[in-house]
Amino acid sequence: MTRTLARSLAIAAGSLLVAASAWAQGTIRLNGAGATFPNPIYSKWVLEYHTAHPTVEINYQAIGSGGGIRQFTDHTVDFGASDGPMTDAQIQAVNGNVYHLPTVLGSVVPTYNIPGVTAQLRFNGDVLAGIWLGQITKWNDSRLTALNPGVSLPDQDIVVAHRSDGSGTTYIWTDYLSKVSPDWSSRVGKGTSVNWPVGLGGQGNPGVANIVKQTPGAIGYVELIYALQNQIGYGLVQNKSGNFIQASLQSTTDAAAAAAAALDANTDFRVSITDPDGPQAYPIASFTWLLVPKQMTDMAKARALLEFVWWAVHDGERFTTDLSYAPLPRHVVDLEEQCLKSITVDGHAVLPRNYRGR
């Protein structure tokens, strides 16, 4: 080997070592997947956080809650996301190594496309269950016209849309219907995926919103921001107090108030807030959760992930209202801080007990 060649190889080897060292000290990449329900706010958070912390890159794929749970269980992502909490069996499949960390609150609305009808329609639980059970098939059905006096509803077939993928939005919707309709509870039940009696399937919230927007006579259910972004009508829903409530930041916050107050340090946050008490509470609302391991193996990734989640539920909450999500109640954030500080790598806490963000 010539002296020149040896010198060149030494320089190349040194360059590789420098590159490896720079990589070790450089960008940390986190991968997550799951719910489409919170995707607008998660996309905003990822952009804002990377701007402030350029060495952290977060890739979030909105593939539906079912996909998020599956990828989290298979350890193909660093975190999952779901609007429907993992079942006890799913938690057992990961040996209990998961926290459900609430991020925001959102509402699911019945959205519709009825040519010639501009009024904001009223629905109740019985009527919504009847539509998705295939028992109410015309827009001028007497049960709909009784709820909407003065509105000229057409003699037109109702085209029902629902999610085709495993979906937390579906979980919220069917959780509500199971509470208000014994018929729905016994025939269909609740879950991220159910056997739909009728309807067309759409992929994600965007898919259902597109079916409704493109199909005269259609009705579907989507997270509020998707109805607003697609400029399609959505209805008022009668709550437990008998009032017809529009989904809004305040009515969603009201829905969470009672549930949040009942949480304590022993909770796993898998609480349902559909069909709540409260005269102004919107009845189809929910927390949405990040799925984060309680015990991790990579300290650098763990610290980057937990610092991002901490930022999201503190500083990131300022972006929620512009995207029609409600921020978490303070009591929930306090409990979540305790969870974040208890997460470990090889028995060592990732965040110090006095951590307050940066």
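Tutor: Let's start with H3, where Ser-65, Gly-66, Gly-67, Gly-68, Ile-69 and Phe-72 are buried, meaning under 20% relative accessible area, with exposed over 50% and partly exposed in between (1.4 Å probe, protein chains only). Helices (H or I, at least four residues) and strands (E, at least two) are DSSP runs, numbered from the N terminus. Keep in mind that this is a predicted model: local features need pLDDT of at least 70, side-chain atom pairs count only at pLDDT 80 or more, and totals for chains, interfaces and linings use all residues. Residues are numbered from 1 along each chain as its sequence is written, and side-chain values use heavy atoms, leaving out hydrogens and water.

Student: What do the buried residues of H3 pack against?
Tutor: They pack against strand S1 (28-34), S3, helix H4 (88-93), helix H7 (168-180) and S12, where contact means heavy atoms within 4.5 Å.

Student: Is His-75 buried or exposed?
Tutor: Exposed, with a relative accessible area of 65%. His-75 sits in the loop between helix H3 (65-73) and strand S3 (79-82).

Student: New topic: what about the phi of Asp-275?
Tutor: Asp-275 has a positive phi too, about 50°, and is not a glycine. Asp-275 lies in the loop between helix H11 (249-262) and strand S12 (285-292), and counts as buried at 16% relative accessibility.
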